[in-house]
Amino acid sequence: MATKNAGRQVLLQGNEAIVEGALAAGCRFFAGYPITPATEISEAMSYRLPGVDGTFIQMEDEIASMGAVIGASLAGVKAMTATSGPGFSLMQENLGFACVAEVPCVIVDVMRGGPSTGIPTHVSQGDVMQARWGTHGDHPIIVLAVSTTQDCFSITVKAFNLSEKYRTPVIILADEVVAHTREKIRLPHPGEIEVLDRIRPNMPPDWYIPYENNSRGVPPMSSFGEGYRYHVTGLIHDVRGFPTERPDEIVPFMNRIFRKINQHFADIQMVHEESTEDAEVLVVAYGSVSRSARRAVREARQRGVKAGLAQLITLWPFPRQTMEPLLRKVRAVLVPELNMGQMSREIKRINQGMTRIETLNRIDGTLITPAEIFARLVKL
Amino acid sequence: MAEDTKLVYKYLRHDKKFPHVWCPGCGNGILLGALIRAIDRTGLEKDEIALVSGIGCSGRLSVYVDFNTVHATHGRALTFATGIKLAKPKLHVIVIMGDGDATSIGGNHFIHAARRNLNLTAIVVNNNIYGMTGGQYSPTTPYGALSTTSLYGNIEQAFSIAELAGMAGASMVARGTVYHASLLDELIEKAILKRGFSVVEVISHCHTQYGRKNKLGGAVEMLRWQKDSAVRLEKARSLSQEEMEGKFTIGVLVDRDLPVYTQEYRKVREAAKKMMARPS
């Protein structure tokens with residue numbers, strides 16, 4: 001049923017859809033370094049950005065890419081980088097800077113088999129914990145997982161919006177299968193897409209307190225060169241941005257950067273539920289594995305098994321408010337994932353004896369099939 | 001002198017909790033003064049300047065002055081600066097780094113920033129040591145010198161920062177010392193106004209860590225060494241290799257016009273727009 005507002009139907013691979021999503025969200029700066037299986041994002045950005053007065057730059061490594069992204073965002077331009085495991089490891093230091101200096105930016109990690117050089121051309125979900133805790137020290141972070149090419153577009157838009165709204169880096173976890181699957185997707189018209197921008201200061205520059213502890217927990221952010229000169233540092237700082245070692249300034253700062261995420265849980269946590277209303281057994285999955293899980297759940301339903309699916313879009317902060325009621329009402333939970341059990345560990349931690357958690361893990365660079373999930377599901 | 005003090009005062013952040021972190025006699029204060037005088041001479045507004053520093057004693061410089069300032073991560077100041085400059089080309093982006101900052105942990109960023117020739121000004125304070133962490137050898141610590149990690153004498157060869165920058169493709173390379181303060185003003189001013197990647201290597205001293213360990217005396221003695229060892233480029237040209245032994249040249253060492261990155265990228269944008277306008 002094609003209407004005037006149906007948008008544009010296009011055939012894209014996941015990596016290309018991420019680029020389209022970023023551009024639709026207002027991204028106008030990209031810095032990256034080639035790495036399989038994320039390279040197509042750099043390639044598409046290098047082709048697309050200059051045409052919309054944006055800037056693409058291929059940096060000397062991933063450390064530099066992350067630094068340039070932070071710099072561009074400080075100057076007021078929405079910025080992104082994309083990489084895979086080894087490059088993501090290199091970005092961790094500057095990612096921590098973006099957390100502590102509260103610089104909005106988006107980092108795409110297209111997961112491949114690890115550790116180290118690992119299995120570069122094959123799928124994995126091994127970076128779930130690295131995305132949460134990769135940089136040193138306590139820090140809040142938002143991590144979103146994509147499972148389809150359509151997701152790659154819409155979740156990327158969402159990632160930029162969350163990063164602008166909460167002044168935080170947002171990590172998109174894609175995987176090799178999602179990144180390279182070509183699918184027909186619908187690109188909405190620009191007017192249909194909600195695009196959020198960081199709140200900028202509107203007070204006179206003399207009154208601007210760049211890291212003010214306000215009720216939202218998110219201080220307005222000025223761009224360099226707009227009259228609000230302030231200091232940006234990776235050191236723990238006071239409300240004016242100046243380094244501090246005073247416990248009475250450190251504690252409110254740390255509390256605020258956690259609070260700005262925690263008090264907006266409802267806005268940040270995204271879980272797609274399918275057939276969960278009367279479910280007795282539940283599959284919790286994310287990324288490409290959730291597609292196998294969806295089919296397994298539907299087949300189980302056809303066989304009379306009351307199965308449901310909770311597909312995690314938000315991985316971190318873990319969507320506890322949504323997941324706890326689900327865990328409480330089902331007999332058993334299966335967590336299939338392409339790692340040794342990174343997300344199932346978190347689910348077990350939340351579970352506290354409410355239900356039985358079983359895992360299905362694969363680390364050989366191939367996908368978990370619907371049949372494998374189905375076989376486990378009917379025995380739960 | 002009173003006017004000079006007033007000028008420095010104009011650019012300092014008075015709400016920052018002074019005093020600064022530097023030892024009495026440190027060269028960083030002289031550099032800060034030179035930087036302020038140079039910026040004032042260019043006539044640029046405070047708001048047109050983005051000052052990015054790395055980590056170490058020199059890295060603390062950015063917090064004291066009233067510009068758009070970033071105290072970046074160790075070695076990565078140039079990468080932050082690259083993002084700022086590309087996102088807002090009208091800003092004059094000045095980067096302050098130490099010798100270990102720029103040529104060890106940030107060595108890769110340093111040579112690639114020079115090669116790329118983005119319109120940035122990099123000021124590298126070379127005091128031959130990692131001062132803030134207590135005096136470990138750096139890529140510019142002379143062969144044989146003592147440090148807390150070369151207690152038997154340094155066995156590594158030192159980088160020449162200025163030569164490295166020149167070979168890597170910088171548009172302008174200069175060397176000065178904190179002793180020759182008025183020359184330093186001029187070199188920094190010239191570097192800020194230069195189109196393309198400009199580097200000013202600032203020979204400084206760390207009497208607290210390097211001087212004490214190597215029995216080179218205090219700040220005064222080390223400044224005297226700078227006075228005695230530095231030779232103006234014009235004069236150095238007339239000296240033989242033997243006469244230059246143990247000495248170094250100061251002045252503008254490289255000054256050339258090369259394609260600047262932002263200018264080149266404008267061409268990329270035009271080409272991309274032409275391509276997009278073509279009916280598919």
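Colleague: Which residue of β4(B) stands opposite B:I96?
Modeller: B:I123 does. Bear in mind that this is a predicted model.

Colleague: What makes β3 and β4 of chain B a pair?
Modeller: Pairing needs at least two bridges. Strands β3 (residues 92–98) and β4 (residues 121–126) of chain B share five bridges. They therefore count as paired, and they run in the parallel sense.

Colleague: Why are β10 of chain A and β9 of chain B called edge strands?
Modeller: The open sheet has nine strands with mixed pairing, in the order β10(A)-β2(B)-β1(B)-β3(B)-β4(B)-β8(B)-β7(B)-β10(B)-β9(B). Strand β10 (231–233) of chain A and strand β9 (230–232) of chain B each pair on one side only. From one strand to the next, the twist averages 20°.

Colleague: Which residues in helix α11 of chain A are buried?
Modeller: Buried means under 20% relative accessible area. In α11 (residues 320–329) of chain A, A:T322, A:M323, A:L326 and A:L327 are buried.

Colleague: How do you know on which side of α11(A) they lie?
Modeller: Their arc around the axis is only 120°, so they are on the same side of α11(A). Their cover includes β13 (307–312) and α12 (342–351) of chain A.

Colleague: Which residues make the contact?
Modeller: A:R320, A:E324 and A:L327 of α11(A) meet A:I347, A:I350 and A:N351 of α12(A).

How values were computed. Residues numbered from 1 in each chain as written. Chains lettered and ligands numbered in written order. Predicted model: local features only at pLDDT ≥ 70, side-chain atom pairs only at ≥ 80, totals over all residues. Heavy atoms only, no water. Helix = DSSP H or I, 4+ residues; strand = E, 2+ residues; numbered from the N terminus. Axes fitted to C-alpha atoms, helices over the stretch in contact; angles between N-to-C directions. Buried < 20%, exposed > 50% of the residue type's maximum accessible area, 1.4 Å probe, protein only. Arc of directions from axis to C-beta. Contact = heavy atoms within 4.5 Å.
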